[in-house]
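Here are my notes for you, point by point. Keep the structure open while you read.

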Amino acid sequence: MATAGKVIKCKAAVAWEAGKPLSIEEVEVAPPQAMEVRVKILYTSLCHTDVYFWEAKGQTPVFPRIFGHEAGGIIESVGEGVTDVAPGDHVLPVFTGECKECPHCKSAESNMCDLLRINTDRGVMIGDGKSRFSINGKPIYHFVGTSTFSEYTVMHVGCVAKINPEAPLDKVCVLSCGISTGLGATINVAKPPKGSTVAIFGLGAVGLAAAEGARIAGASRIIGVDLNPSRFEEARKFGCTEFVNPKDHNKPVQQVLADMTNGGVDRSVECTGNINAMIQAFECVHDGWGVAVLVGVPHKDAEFKTHPMNFLNERTLKGTFFGNYKPRTDLPNVVELYMKKELEVEKFITHSVPFAEINKAFDLMAKGEGIRCIIRMEN
């Protein structure tokens, strides 16, 4: 491309300070360095993680910053040493990476790359400790190595998954974070047998994706647990067959679920990050074979407390990160699930706004409206 090796001037949504609306600015995006790629972002979407660090209530504030990590785009140029992708390739950026060299990447059981594992405090590239974004010579910081709220962004090559160019980027962009996290938590980690009962705690985007995973796996009953009953009707589209609102009962949720399922569910997936929901999700699975999977990220001071007999009675508790998918190796296959019409992605996408109106996506999430809002970079 004619822009290769040159600085690109483009529009980006910059967060100048915590909790303040994003501002569309002209930024300069430097060329990719060794093992980096520059990507033209075509579609991005807002995930709760962006909002969490934009509010910066309990984290290290890193500003000014370009947020965004759930997206789809096309490689514009590549830095020295990059052989896996080339200009023109369609890619999904991922907030965590796969270097393919470290013990985690070489293990069939892990996706927690030593080099490129998510780091929310770092606002620079790992190669040289500098930002590739600037305005008037002053650096604008990166977010989780992706910063997709920009028409062009620079990423480590290990954080982009090359996908089928036939896949519509305005749909599959949502697979680069939340949807794959929930889907993989069920399919890869909980592994519900066909005909089993599954409880899903929390019916946001990740929980609905976990329900979709249970539907694909052939679960016979999928019980959605949420404090917001307005989510129940929507959740039927994702395979949920029945619902429990803890507020409607005067006994613990784990007891309610045990009574509904003759002693407990076969699998549970927790997608809230609330420590009580995590404990309930574990204690509601059947003894002898029940498996609970934790997906939600808890408060930093939270402690998980349960009686050891719950383990001795042959219940299993597992955790997962990004649905146990290795980004570069496995995401292309998740896209193929969509292409084969086994995974339905459209139903996750409830809103769409042009890039100039990106703050509307934040407003929708603040009101709890919709599941995913696509932000269109070009119009």
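1. Let's start with holes inside the protein. A search of the whole structure turns up one cavity of 30 Å³ or more. A cavity here is a set of points, on a 1 Å grid over the protein atoms alone, where a 1.4 Å probe fits but cannot get out. The largest cavity has a volume of about 150 Å³, where volume is the space filled by probe spheres set on the points, and grid points are joined across faces, edges and corners.

2. A quick word on ground rules. This is a predicted model, where local features need pLDDT of at least 70 and side-chain atom pairs count only at pLDDT 80 or more, while totals for chains, interfaces and linings use all residues. Residues are numbered from 1 along each chain as its sequence is written, and side-chain values use heavy atoms, with hydrogens and water left out.

3. Back to the largest cavity: 14 residues line it, and the closest to its centre are Arg122, Val124, Ile126, Val144 and Gly145. (A lining residue has an atom within 4 Å of a point.) The lining divides into nine nonpolar, three polar and two charged residues. Nonpolar covers Ala, Val, Leu, Ile, Met, Phe, Trp, Tyr, Cys and Pro; charged covers Asp, Glu, Lys and Arg; the others, Gly among them, are polar.

4. Now the rings: the whole structure has 13 aromatic pairs. Rings of Phe, Tyr and Trp (its six-membered ring) pair if their centres lie within 6.5 Å; planes under 30 degrees apart are stacked, over 60 edge-to-face, and the rest tilted. Take Phe238 and Phe348: their ring centres are 4.8 Å apart and their planes sit at 55°, so this pair is tilted. The pair links distant parts of the chain, 110 residues apart. Phe238 is buried at 0% relative accessible area, and Phe348 is buried at 0% too. (Buried means under 20%, exposed over 50%, partly exposed in between, with a 1.4 Å probe and protein chains only.)

5. Elsewhere, ring pairs link Tyr52, Phe53, Phe63, Phe67 and Phe143 into a cluster.

6. How many disulfides are there? The count is zero, with a disulfide taken as a pair of cysteine sulfur atoms within 2.5 Å. The sulfur of Cys240 is 10 Å from the closest cysteine sulfur, in Cys271, so it is too far for a bond. Cys240 is buried, at 5% relative accessible area.

Definitions and conventions. On a 1 Å grid over the protein atoms alone, a cavity is a set of points where a 1.4 Å probe fits but cannot get out, and a pocket is an open set with protein on both sides within 12 Å along at least five of seven lines; lining residues have an atom within 4 Å of a point. Helices (H or I, at least four residues) and strands (E, at least two) are DSSP runs, numbered from the N terminus.
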